[in-house]
Amino acid sequence: MQWYNDQLKYHPNWTLGNRYIDEGITGTQAKKRPAFLQMLEDARQRKFDLIVTREVCRFARNTVDTLTTTRALKNIGVEVYFVEDNIWTMDGDGELRLAIMATLAQEESCKVSERVKAGQHVSREKGILYGNGNILGYDRIGDGP
């Protein structure tokens, strides 16, 4: 949150309307993100004209969702600014650059998912408890695997 507060200091012409935070929810599907969906509804109601996000992968990790959403927002006059990627969706080359970055974000998300699944598989084969041990339906006995 401090990073966003700093952005407000750097841009005195910006006014904070709201913060939309989907904590612990995957960015691969917009329909599973209640705060994201609320942000889109508020945009349709013209509650703001600019969405500021740190980088493309924090907005969405699905290329189609990213492009569809930013196009719809652009059509109603709401711009999205991806600070770290320096992409403004209303710029002439904004959509092209966004498409490239969104594709990279989606690919990275897929790679992370594959690595996590592979790690879980290895843990299961070795009989090692994966995660923090807070698994429903099981009782932990002892400190070992």
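Me: What share of the contacts with a separation of 6 or more comes from residues 24 or more positions apart?
Reply: 51% of them. Contact here means heavy atoms within 4.5 Å. By the way, this is a predicted model, where local features need pLDDT of at least 70 and side-chain atom pairs count only at pLDDT 80 or more, while totals for chains, interfaces and linings use all residues. Residues are numbered from 1 along each chain as its sequence is written, and side-chain values use heavy atoms, with hydrogens and water left out.

Me: Ok, how many helices and strands are in the chain?
Reply: 5 helices and 3 strands. From the N terminus on, they run α-α-β-α-α-β-β-α. Helices (H or I, at least four residues) and strands (E, at least two) are DSSP runs, numbered from the N terminus.

Me: In what order do the strands sit in the sheet?
Reply: E1-E2-E3, in an open sheet with mixed pairing. Two strands count as paired if DSSP finds at least two bridges between them. The edges are E1 (50-53) and E3 (87-88), each pairing on one side only.

Me: And in which sense do E2 and E3 pair?
Reply: Antiparallel, over 2 bridges, with E2 covering residues 79-82. Tyr81 stands opposite Trp88 in E3.

Me: Which residues of H4 are buried?
Reply: Thr63, Thr66, Leu67, Thr69, Thr70 and Leu73. Buried means under 20% relative accessible area, exposed over 50%, partly exposed in between (1.4 Å probe, protein chains only). For the whole chain, buried residues make up 28% of the 145 residues.

Me: Which members of the largest nonpolar core touch the most others?
Reply: Of its 18 residues, those are Met39, Ile51, Val56, Phe59, Leu73 and Phe82. H2 gives the most to this core, with 4 residues. A nonpolar core is a set of buried Ala, Val, Leu, Ile, Met, Phe, Trp, Tyr and Cys residues joined through side-chain atoms within 4.5 Å.

Me: Last one: what is Phe82 in contact with, leaving aside neighbours within four places in sequence?
Reply: Its partners include Val56, Phe59, Thr70, Ile87 and Leu98.
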